[in-house]
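Dear colleague,

Please find below the sequence and structure that I am handing over to you. My findings follow directly after them.

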Amino acid sequence: MIPLLEVEGLEVVYGHAIRAIQGVSFFVEEGRIVGLLGLNGAGKTTTIRAISGFLPTENVHITDGRLRFAGNSILGMRPFATAWLGIAVVPERDKVFDTLTVRENLAVALIAARSGNDEAARCRRYRSIDDILTLFPALARRIDHDAVLLSGGERQMLAIGACLLSSPRLLIVDEASLGLAPILRRQLFAMLAELNRELGLTMLIVDQDVAGVLAIADHGYILENGRVVFAGTREELLSHGDVKEFYLGQTQDRERGYRKVKQYRRIRRWH
Ligand SMILES: Nc1ncnc2c1ncn2[C@@H]1O[C@H](COP(=O)(O)OP(=O)(O)OP(=O)(O)O)[C@@H](O)[C@H]1O
Ligand SMILES: [Mg+2]
C-alpha cells in the first residue's frame, strides 16, 4: 500500500545559505500517528511547511527531494492546494483568530470547509459547530468569548476543532504541547490518540516532547540539525539507548548524563 505521505530526501535552504533541512526522509501510513520530533531549531516546522506549502515565498527554496501525498507529487504546492487535497495544519503560532469569538473562529473554518474537496475528505464525523462543541465541552463554555481570552489548552482545542471541520485526510499538529502544563499535555495527546482511534484519522504530530508523543505514536522520527538521526517504531525508539538517555532523560548516573548530553549536542551539531 502507498503511504499517505512520503517525504524523500527533502532539502530546504533559507537565504541561499542555511541548509535547514538536509535530506530528510520519512513516511506516514494511512490511519497511523507519526511523531516528527526534536529540539528547538531541529527543522520540524520547516519540514511541515514544505509539505503544506506554508514556506515563505521569498528567500527560501526547496532545493531537493520528493513530496508525495496519496501517491501524487505535492512539491511546491501552495497551502490552498494542499488543503484541498486534505492536509490540515494546526500551526505552531497564530493558531486562532484572537479578535474573533470561539463561535466565529469555528464559523470561519466551516465556511472554508464548505468550499473544500468533499471527495478527498475522510473524517466526516465533525461537520458542524455543535459537533466540535460536543467533542470539546470546554469550548462550549467559552463559545461567545474572544479567542484572545482562551487558555493555551483551549486555544489548542479550538485550532484542532477548526481543522476537523475540514474533514482532513492528514492532520499535522505543530507543537501541540507548547506552553501547556504536563497534565494538560497528556490530556491533549490522549485526545489526539482517541481521535485517531475513533476516526482512523492519520496524524503527523510535530513536537519537542518525545516522551509525550511516543506515548501515542506508532512511529517516530527524531530530527537534529535538519537530519533524521533516529527513526523507528514507538517500541524501537523507547528502548534505544541514546534516545532514552538524550531525549527521555533516563540515565543511570545523573552527573555523567548531564556532561554527556552537552558533549553529545556538541558532536551532533557538526555531524
Ligand atoms: N525564515 C527563516 N529564515 C532563516 N532561517 C530560518 C527561518 N525559519 C527557520 N530558520 C532556521 O531553520 C532552522 C530550523 O528551524 P525550524 O523552525 O524548522 O525548527 P523547529 O524544529 O521547528 O524548532 P522549534 O522547536 O523551535 O519550533 C533553524 O536553524 C532556524 O533558525
Ligand atoms: Mg517549530
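I begin with one of the sheets: an open sheet of 4 strands, in the order 2-1-4-5 and with antiparallel pairing. Its edge strands are strand 2 (18–28) and strand 5 (72–73), each of which pairs on one side only. Please note that this is a predicted model, in which local features need pLDDT of at least 70, side-chain atom pairs count only at pLDDT 80 or more, and totals for chains, interfaces and linings use all residues. Residues are numbered from 1 along each chain as its sequence is written, chains are lettered from A and ligands numbered from 1 in the order in which they are written, and side-chain values use heavy atoms, with hydrogens and water left out.

Two terms are needed at once. Helices (H or I, at least four residues) and strands (E, at least two) are DSSP runs, numbered from the N terminus. Two strands pair if DSSP finds at least two bridges between them.

Within this sheet, strand 1 (residues 5–14) and strand 4 (residues 60–69) run antiparallel and are joined by 8 bridges. Glu-6 stands opposite Arg-68 in strand 4. Helix 1 packs on the sheet and touches strand 1, strand 2 and strand 4; contact here means heavy atoms within 4.5 Å. The direction of helix 1 makes about 115 degrees with that of strand 1, where axes are lines fitted to C-alpha atoms, for helices over the stretch in contact, and angles run from 0 to 180 degrees between N-to-C directions.

Strand 1 is also joined to strand 2 by 8 bridges, again in an antiparallel arrangement. The bridge partner of Val-12 in strand 2 is Ile-21. These two strands form a hairpin with 3 residues between them, and Gly-15 in the turn has a positive phi of about 55 degrees.

Another open sheet has 6 strands in the order 6-7-8-3-9-10, with mixed pairing. Strand 6 and strand 10 (227–233) stand at its edges with a single partner strand each, so one side of each has no neighbour in the sheet. On average, neighbouring strands of this sheet are turned by 15 degrees against each other, direction ignored. Strand 6 and strand 7 run parallel and are joined by 4 bridges; Ile-87 has Leu-170 in strand 7 as its bridge partner.

Helix 1 packs on this sheet too, touching strand 3 (33–37), strand 6, strand 7, strand 8 (202–207) and strand 9 (219–224), and its direction makes about 145 degrees with that of strand 8. Helix 6 (residues 152–164) packs on the sheet as well, touching strand 6 and strand 7, with a direction about 170 degrees from that of strand 6.

Thr-45 lies in helix 1 (residues 44–52) and Glu-92 in the loop between strand 6 (87–90) and helix 3 (102–114), so the pair ties together parts that are 47 residues apart in sequence. Both Thr-45 and Glu-92 are buried (buried means under 20% relative accessible area, exposed over 50%, partly exposed in between, with a 1.4 Å probe and protein chains only).

Individual residues

Glu-175 is found in the loop between strand 7 (170–174) and helix 7 (182–199). At 3% relative accessibility, Glu-175 is buried, and its phi is near 55 degrees, a positive value in a residue other than glycine. Leaving aside neighbours within four places in sequence, Glu-175 has contacts that include Lys-44, Glu-92 and Asp-207.

Asn-59, in the loop between helix 1 and strand 4, likewise has a positive phi, near 65 degrees. Asn-59 counts as exposed, at 52% relative accessibility.

Thr-82 belongs to helix 2 (residues 79–85) and is buried, with a relative accessible area of 1%. Beyond its neighbours within four places in sequence, Thr-82 is in contact with Ile-51, Ser-52, Met-77 and Ile-87.

The protein as a whole

The protein has 11 helices and 10 strands, and buried residues make up 48% of its 271 residues. Of the contacts with a separation of 6 or more, 67% are between residues 24 or more positions apart.

With kind regards
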